[in-house]
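Subject: Structure handover

Hello,

Here is the structure for your files. My notes on it follow below.

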Amino acid sequence: MSGKTNVYLSAEWSPDGKYIVASKGGFRGGLPTLWMYHADGGNGMSLYTAPANAAPGTAVQQAGAAFSADGKSIWYTQRTGAWNYNAQFPQYQIYVYNRDTGEREAQSSRYGSAVRPTLSPDGKWLVYGSRYEDKTGLRVRELATGDERWLAYPTQRDEMESRAPMDALPGMSFTPDSKELVASYANKIWRVAIDGSGQTEIPFRVQASLEAGPELAFKYPISDSTQFTVRQIRDAVPSPDGKQLAFVALEKLYVMDYPAGTPRRVSTLNSIESEPAWSPDGKSLAWVTWDDAAGGQIVRATLDVKKGWTTQTLTTSAGLYTDLAWSPAGDRIV
């Protein structure tokens with residue numbers, strides 16, 4: 001199977017070796033769902049048909065197909081919709097697909113979700129990944145009784161809150177005797193005993209030749225002199241008559257005669273100053289302040305030819321103030 005506009009993930013052989021089930025989706029957009037392909041090739045067959053008149057936003061994403069030991073059913077994980085920022089849990093749950101009847105039935109309802117179902121060859125065990133608090137682990141279920149417990153916790157971070165283009169967790173597999181699970185986490189490969197007696201690292205080495213380019217080291221001189229050139233000017237606002245310019249540099253408010261005057265601080269406040277706004281007559285400036293401990297205020301400064309700028313805090317309660325605008329008469333500030 002191939003496709004320039006498709007993605008494939010979580011391929012799995014059927015027990016008789018004649019078929020492969022994988023999730024197929026569009027490279028950009030289309031959510032992956034289960035497809036079955038013959039081992040000799042072909043176009044494959046979709047195992048999922050969206051309900052007629054499905055409501056917007058109810059499309060599903062399916063991954064992690066796993067055959068039952070007898071090959072009569074396919075276990076997989078599914079969620080509604082694609083990834084989203086600040087995802088709300090649960091995201092995924094496990095379902096089982098009956099190959100004879102086409103019926104589907106949910107097999108989990110965990111708040112921490114359930115991903116990458118993995119079945120033992122003897123048909124006795126199900127292992128899957130789930131989130132508990134801020135960590136991901138592996139849970140094991142005895143299929144005959146439904147009893148569950150943590151098999152390994154924590155393991156590695158899952159991909160539930162992303163598009164999961166390579167599934168939400170790496171693949172796992174049972175040993176032929178169904179007594180151990182082979183899984184990867186913490187940068188190692190492990191044999192995990194299903195009876196809960198522990199885990200054993202499977203050592204491995206990789207011999208590889210990796211080309212690396214020359215080291216790039218750029219030396220940028222940083223001056224610590226008492227004076228320097230400010231590289232960023234913000235919130236520049238000309239006065240109504242165009243003769244002065246108010247602006248913010250290094251989080252402080254300055255005014256200068258435009259265009260070639262010397263910048264002068266308007267206040268002596270220690271807080272962050274921003275968003276200056278001139279009064280209609282050009283005699284006053286208003287701006288907002290911010291202090292991480294005390295919050296923000298609205299401040300006004302009035303220019304006196306002899307005394308210079310006189311500042312006054314207008315607000316009496318701290319808050320986050322933005323986007324100041326004077327009334328045409330200059331007697332109110334919104």
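Four strands make up an open sheet, ordered β21-β22-β23-β24, with antiparallel pairing. Strands here are DSSP runs (E, at least two residues) numbered from the N terminus, and two of them pair if DSSP finds at least two bridges between them. β21 (272-278) and β24 (308-313) are the edge strands, each pairing on one side only. From one strand to the next the twist averages 30°, taken between N-to-C directions of lines fitted to C-alpha atoms, on a scale from 0 to 180 degrees.

The model is predicted: local features need pLDDT of at least 70, side-chain atom pairs count only at pLDDT 80 or more, and totals for chains, interfaces and linings use all residues. Numbering runs from 1 along each chain as its sequence is written, and side-chain values use heavy atoms, without hydrogens and water.

β21 pairs with β22 (residues 284-290) over five bridges, in the antiparallel sense. W278 has L285 of β22 as its bridge partner.

W278 also belongs to a second, separate core of eleven residues, which includes A246, V255 and A301 as well. A nonpolar core is a set of buried (under 20% relative accessible area, 1.4 Å probe, protein chains only) Ala, Val, Leu, Ile, Met, Phe, Trp, Tyr and Cys residues joined through side-chain atoms within 4.5 Å.

The largest nonpolar core has 21 residues, and V127, L138, L151, L181, Y185 and I194 have the most contacts inside it. Two or more residues each come from β10 (125-132), β11 (135-142), β12 (148-152), β14 (180-185) and β15 (188-193). β14 gives the most, three residues.

Regards

Notes
Buried < 20%, exposed > 50% of the residue type's maximum accessible area, 1.4 Å probe, protein only.
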